[in-house]
Structure formats: structure tokens, C-alpha cells
Amino acid sequence: MSLLTGSANAVKYTLFGFNLIFLITGIILIAVGAGVGAVYTGYELFLAAKFFSIPTFLIVIGSFIILISFFGCWGALKENYCLVLGFSIMLAIIFILELAAGISGYVLRNDASKLISTSLTNSLKEYNTFNQNPTTRLWDDVQRHFECCGVNKYEDWSVTYPNQSLPISCCSIPVGAAGTFNCFANTSSVDDRHKNGCLDGFSNYIAAHAVSLGAAGVVIAILQFFGVLFACYIAREIKIRNGITGFI
């Protein structure tokens with residue numbers, strides 16, 4: 001038989017429902033963290049370590065939320081004071097960590113352009129037409145995908161190609177072209193050479209995914225805040241009904 005009053009009993013089952021939602025949010029956090037991490041992994045040579053720390057952090061938090069949600073469901077159904085109190089404390093800690101992760105995501109969005117600019121600029125000298133290293137492949141992928149050339153402009157390649165040559169990925173190969181194709185800084189056809197640098201397009205793409213990390217962290221943290229309030233209320237009611245004195 002339930003030890004709680006009618007209103008507290010309703011909150012208990014509301015808390016149980018919230019735990020099911022928490023289970024789903026934990027899965028969402030893992031999915032968002034893994035998805036963004038997978039996107040970033042493809043560009044890891046151009047990204048600082050902090051771009052990977054937040055997705056990993058969200059995955060860890062999501063895993064803990066899944067475990068805690070089962071803990072909270074059991075405590076609510078059994079009306080166990082220690083279990084519900086422990087659940088509320090763990091949820092409060094997760095709330096703080098998740099809010100911190102969300103804020104870090106938004107901060108990372110603002111810092112993305114500066115961090116990526118440094119990485120791109122430093123990697124220009126590593127581009128090598130004759131030795132197709134990972135940096136060369138990634139530069140070609142970025143310039144083709146984002147239809148860009150250089151960091152801010154095509155002249156940035158002068159540090160690697162002082163003879164006005166450019167990587168072929170800086171140009172769009174004309175349809176039906178046959179034989180040898182070269183890309184030069186003084187290409188007369190406007191349609192051949194990509195006009196924009198890669199920094200804006202690439203950093204905006206990376207920053208957009210950082211925003212998704214921030215949004216997921218903050219929104220789910222807000223939901224968990226209400227869960228902490230429900231859990232504390234239930235723990236208080238159980239404590240009163242059982243005549244428990246002290247903190248535990």
C-alpha cells in the first residue's frame with residue numbers, strides 16, 4: 001500500500017513518467033554526441049582536441065542518465081527514501097554537468113573560427129602534391145566539398161606554390177575536359193577557380209554541429225531540473241510518512 005497522500009502519489013507517478021523521458025533523453029544525448037563526434041572525426045586533422053571532448057562528455061552523461069533513470073524508477077515505485085534521495089542527488093550532479101556541457105558547446109561555436117583558422121593556416125605547408133599524406137587528402141576533400149580555395153583566399157597557397165599554381169581541388173574541372181588539367185591563380189575562367197576561402201564555410205559547418213551539442217545539453221538539463229524538484233518532493237513525503245529523522 002502506498003504511504004503517500006493523493007497529491008504526492010500523483011507526483012510519484014509523474015516522477016516515474018519523467019524517468020522514462022530521462023531514459024529517452026539519455027539515448028538522445030548518446031546519439032547527438034556520437035553523431036557530432038563522427039562528423040568531427042572526418043576532419044580531426046583540422047580540429048583541436050576540445051572539439052572531441054564535448055561529444056565524448058555528452059556520451060558519458062547520456063550513459064549515466066540511462067543508469068540513473070532505472071534507479072529512479074525503482075525508488076519511486078518502492079517509495080524508498082534513500083533510493084529517491086540518492087536519485088535526486090545524482091540527477092542534480094548530472095544537471096550541473098549537462099548544463100556545463102551545453103554552455104561549452106555554445107562557447108566552442110564562438111571559438112570555432114579562430115581555432116580552425118590557426119589549424120588551416122599551419123597545415124598549408126604540409127600539403128604535398130607528390131606525397132599524398134592525410135593533410136593533402138583532407139585539404140582536397142574540404143576544397144571540393146565546400147567549393148573553396150585556401151584559408152581566406154586562394155593567394156594563401158603562395159606559401160606552398162610560389163609559381164602561381166594551385167591544388168587542382170581549388171578548381172572545378174570543366175565538363176568533358178580531357179588530358180591534363182592544371183589549376184592556376186591566374187585562371188582566366190571565373191567558373192574554374194573557387195572564389196571563396198575555406199574558413200567561413202568550413203568553420204560555420206563545424207560551429208553548427210557545436211550548436212547542436214549546446215542545445216541538447218541545455219534543453220535536457222532544463223527537463224532534469226524539474227525531475228530534481230519532483231524527486232526531492234517525493235523523498236520529503238516518504239521521509240514524513242515513515243517518520244524518518246535526520247538526513248537519511
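Residues are numbered from 1 along each chain as its sequence is written, and side-chain values use heavy atoms, with hydrogens and water left out. Because the model is predicted, local features need pLDDT of at least 70 and side-chain atom pairs count only at pLDDT 80 or more, while totals for chains, interfaces and linings use all residues.

The chain contains five helices and zero strands; helices (H or I, at least four residues) and strands (E, at least two) are DSSP runs, numbered from the N terminus. Read from that terminus, the order of elements is α-α-α-α-α. The chain has 248 residues, and 43% of them count as buried. Buried means under 20% relative accessible area, exposed means over 50%, and partly exposed lies in between (1.4 Å probe, protein chains only). The accessible surface amounts to about 12,800 Å², with 64% belonging to carbon and sulfur atoms; such areas come from the Shrake-Rupley method with a 1.4 Å probe, and for residues only the protein chains shown count as cover. A contact means heavy atoms within 4.5 Å. Among the contacts with a separation of 6 or more, 74% join residues 24 or more positions apart.

Apart from neighbours within four places in sequence, glutamine 224 is in contact with Phe22, Ile65, Leu91, Ile94, Phe95 and Glu98.

Histidine 194 lies in the loop between α4 (134-145) and α5. With 9% relative accessibility, histidine 194 also counts as buried. Its side chain makes a polar contact of 3.2 Å with the side chain of serine 172. A polar contact is a pair of N or O atoms within 3.5 Å; within protein, one must be able to donate a hydrogen and the other to accept it, and residues adjacent in sequence count only if both atoms are side-chain atoms. A polar atom of the histidine 194 side chain also lies 3.4 Å from the backbone oxygen of serine 169. Beyond four places in sequence, the residues that histidine 194 touches include Gln143, Glu147, Cys148 and Cys149.

The structure holds one salt bridge, defined as a side-chain nitrogen of Lys or Arg within 4 Å of a carboxyl oxygen of Asp or Glu. Lysine 153 and aspartate 156 form this bridge, their closest N and O atoms being 3.7 Å apart. Lysine 153 is partly exposed at 41% relative accessible area, whereas aspartate 156 is buried at 15%.
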